[in-house]
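Subject: Structure handover

Hello,

Here is the structure I promised to pass on. Please open it alongside the notes below.

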Amino acid sequence: AVEEIDVPLVFDEEGEPESGFKVLGANSTQYQEADRAWKLMNVRKAAHRGRAINTGTQEGAGELVDLIAKREEHIARACIVSIYGFTSGGAPAELNDGTLKAIFTARPTWRTKVLAAIEAEQGFTRV
């Protein structure tokens, strides 16, 4: 089984985690399936588009950067198994697409932190 990885994002005055995510690493089925689905979708889109992304232009470079950000969010959402310390209307927030979208919209750099934890070498399970 793949172990959950703690990704604390908000800390109290003593440095103890208050809010964060529990995620699965890159060896998890969730990561592998999300990564494959993303690649398949983009291969099909490229075939329908009939052109490669021209990264030599501002528009093409922006298109690639946006695709990378969407992939990161797709992978992060697939690998987040629980959240803790977040509230909505005074009650604990539920893990769903709306909550994750709100969190990542409010704190876009957290997506990068979560993805780094998911893909970090120490996140791999020992066999």
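Glu119 counts as partly exposed, because its relative accessibility is 33%, and the cut-offs put partly exposed between under 20% for buried and over 50% for exposed. Bear in mind that this is a predicted model. Glu119 belongs to helix α4, which covers residues 108-119. Its side chain makes a polar contact with the side chain of Tyr31, at 2.5 Å. Glu119 and Ala26 lie 93 residues apart in sequence, yet their C-alpha atoms are 5.3 Å apart in space.

**Helix α1**

Tyr31 leads us to α1, where it is one of the buried residues.

What does the buried side of α1 pack against? The buried residues of α1 pack against α2 and α4. The face turned away from that side carries the exposed residues Glu33, Arg36, Val43, Arg44, Ala47 and His48.

Helix α1 runs over residues 29-49, which is 21 residues. At 1.5 Å a residue it should span 30 Å, and its end C-alpha atoms are 30 Å apart, so the two agree. Gly50 follows α1, with a positive phi near 75°.

**Helix α3**

Helix α3 covers residues 97-106. At its start, a side-chain oxygen of Asn96 comes within 3.1 Å of the backbone nitrogen of Gly98.

Which residues of α3 are buried? They are Thr99, Leu100, Ile103 and Phe104. Seen down the axis of α3, they fall within an arc of 120°, so they line one face of the helix. That buried set packs against β2 (17-24), α2 (58-79), β3 (80-84) and α4. Asp97, Lys101, Thr105 and Ala106 are exposed, on the face turned away from the buried side.

Thr99 deserves a separate note. Its relative accessible area is 15%, so it counts as buried. Leaving aside neighbours within four places in sequence, Thr99 is in contact with Ile83, Ala93 and Glu94.

Best wishes

How values were computed
Residues are numbered from 1 along each chain as its sequence is written. This is a predicted model: local features need pLDDT of at least 70, side-chain atom pairs count only at pLDDT 80 or more; totals for chains, interfaces and linings use all residues. Side-chain values use heavy atoms; hydrogens and water are left out. Helices (H or I, at least four residues) and strands (E, at least two) are DSSP runs, numbered from the N terminus. Buried means under 20% relative accessible area, exposed over 50%, partly exposed in between (1.4 Å probe, protein chains only). A polar contact is a pair of N or O atoms within 3.5 Å; within protein, one must be able to donate a hydrogen and the other to accept it, and residues adjacent in sequence count only if both atoms are side-chain atoms. The arc is that of the directions from the helix axis to the C-beta atoms. Contact means heavy atoms within 4.5 Å. The expected span of a helix is 1.5 Å times one less than its number of residues.
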